[in-house]
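Thank you all for making the time this morning.

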Amino acid sequence: MEQKEYRGLYAEWYERVSGAKDHSEEIDFWARSIEKAGEPALELGSGTGRVLVPLLEQGFSVVGIDTSQDMMARCLATCEARGLKAELHEQSMLEFDLPREFGLIFLGSGGLGLFTEDRDIHSTFERVMLHLKPGGSFVYEFEPVPDAYEDDDRWTGDWICGPDDVVIAWRKRMKHDPATNVWQWLFIVKKFVGDRLVETEANERWGRTFTLDEALQYAKAAGFEDIRATNWLTDDPPGKDSGVIAVQCKKPVEEPN
Ligand SMILES: C[S@@+](CC[C@H](N)C(=O)[O-])C[C@H]1O[C@@H](n2cnc3c(N)ncnc32)[C@H](O)[C@@H]1O
């Protein structure tokens, strides 16, 4: 089935919901990562610019790629409104091809879980390796396999009110396959202006959780070195309660013979 997500109303939902939260801890983490690894940086799946825009505002050189025109259009509109120059490319991380090398490439927001197939992860990691400077860093995040998939048998949801008389309500249901740790969700978004329903959108997506060993293995298989896992936004090792884990690794300085 075709993946149907990150389109019009979902992009609006994403921007409104993320705009209502404080992401400063996350932005600080990526700012520190760029300072350590060097510029320019590349964000894989940069979306509405939730992370990319504040990094540009801090003066970092960050490029974004994404496959969703609707998400990218929101990022570009924000940059224009704030007088920032964004370099965005509508390209898939599975096969991106950019005419430059990066000090840091990152896949945040648990982005490894966008992939259900190992072959897509291998392709992405190959592209990352090709686009990193020697000694450059790759950081990718994933959600680990939980002890139990607790929400599988119920709908969950919420709503957000905008200052413009807009209410966006959503509900979602997830189903996991414990044999593969692949999940499927149906995410229904409704937009009301005043008391009038103006738009409804159904988003279907598949994703995946990983064991720590699985997640580390992708970096090893692609030839990265100095591979280590850390608890989300920290330099501490992951614990049993880690909801998101980051893997940090480096491109070897010397090409292997
Ligand atoms: C959860 S959003 C994260 C957006 C942003 N990184 C953030 O932290 O707010 C995931 C993004 O990845 C993009 N995406 C999904 N598959 C992709 C692919 N194969 N190549 C590039 N971008 C992709 C989606 O369009 C979406 O904008």
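Before I give any distance, let me say that the bounds of the domains I will speak of come from an automatic or database domain assignment, and that what you see is a predicted model. The chain is divided into domain 1, which takes in residues 8-145 together with 209-250, and domain 2, which takes in residues 150-208. Between the C-alpha centres of domain 1 and domain 2 there are 23 Å. Where the two touch, 14 residues of domain 1 and 14 residues of domain 2 take part in the contact. On the domain 1 side of that contact, nine residues are nonpolar, four are polar and one is charged.

Let me turn to the ligand. There are 17 residues around the ligand, and those that come nearest are Tyr6, Gly45, Gly47, Arg50 and Ser68. Sorted by class, this shell holds seven nonpolar, eight polar and two charged residues.

The largest nonpolar core is made of 52 residues, and within it Ile105 and Leu112 have the most contacts. If we set aside neighbours within four places in sequence, Leu112 is in contact with Leu107, Ile121, Tyr140, Glu141, Phe142, Phe210 and Ala215.

Just after H6 comes Gly223, with a positive phi of about 95 degrees.

Now please find Trp30, which sits in helix H2, residues 24-37. Is Trp30 buried or exposed? It counts as buried, because it has 24 C-beta neighbours inside 10 Å, and the cut-off for being buried is 20 or more. Not counting residues up to four places away in sequence, Trp30 touches Val51, Leu55 and Phe106. Trp30 and Val139 are 109 residues apart along the chain, and yet their C-alpha atoms are separated by 9.6 Å.

I will finish with some points of backbone geometry. Most residues other than glycine have a negative phi, and most peptide bonds are trans. Against that background, the peptide bond that joins Glu39 and Pro40 is cis, with omega at about -5 degrees, and Pro40 itself is found in the loop between H2 and strand E1 (41-44). Ser109, although a residue other than glycine, has a positive phi near 55 degrees, and its place is the loop between strand E4 (102-107) and H5. Since Ser109 has 18 C-beta neighbours inside 10 Å, it counts as partly exposed. Leu233 is not a glycine either, but has a positive phi of about 65 degrees, and it lies in the loop between E10 and E11. With 17 C-beta neighbours inside 10 Å, Leu233 likewise counts as partly exposed.

Definitions and conventions. Residues numbered from 1 in each chain as written. Predicted model: local features only at pLDDT ≥ 70, side-chain atom pairs only at ≥ 80, totals over all residues. Near = placed C-beta within 6 Å. Nonpolar A, V, L, I, M, F, W, Y, C, P; charged D, E, K, R; others polar. Core = buried A, V, L, I, M, F, W, Y, C linked by C-beta atoms within 7 Å. Buried ≥ 20, exposed ≤ 12 C-beta atoms within 10 Å, placed from the backbone. Contact = placed C-beta atoms within 7 Å. Helix = DSSP H or I, 4+ residues; strand = E, 2+ residues; numbered from the N terminus.
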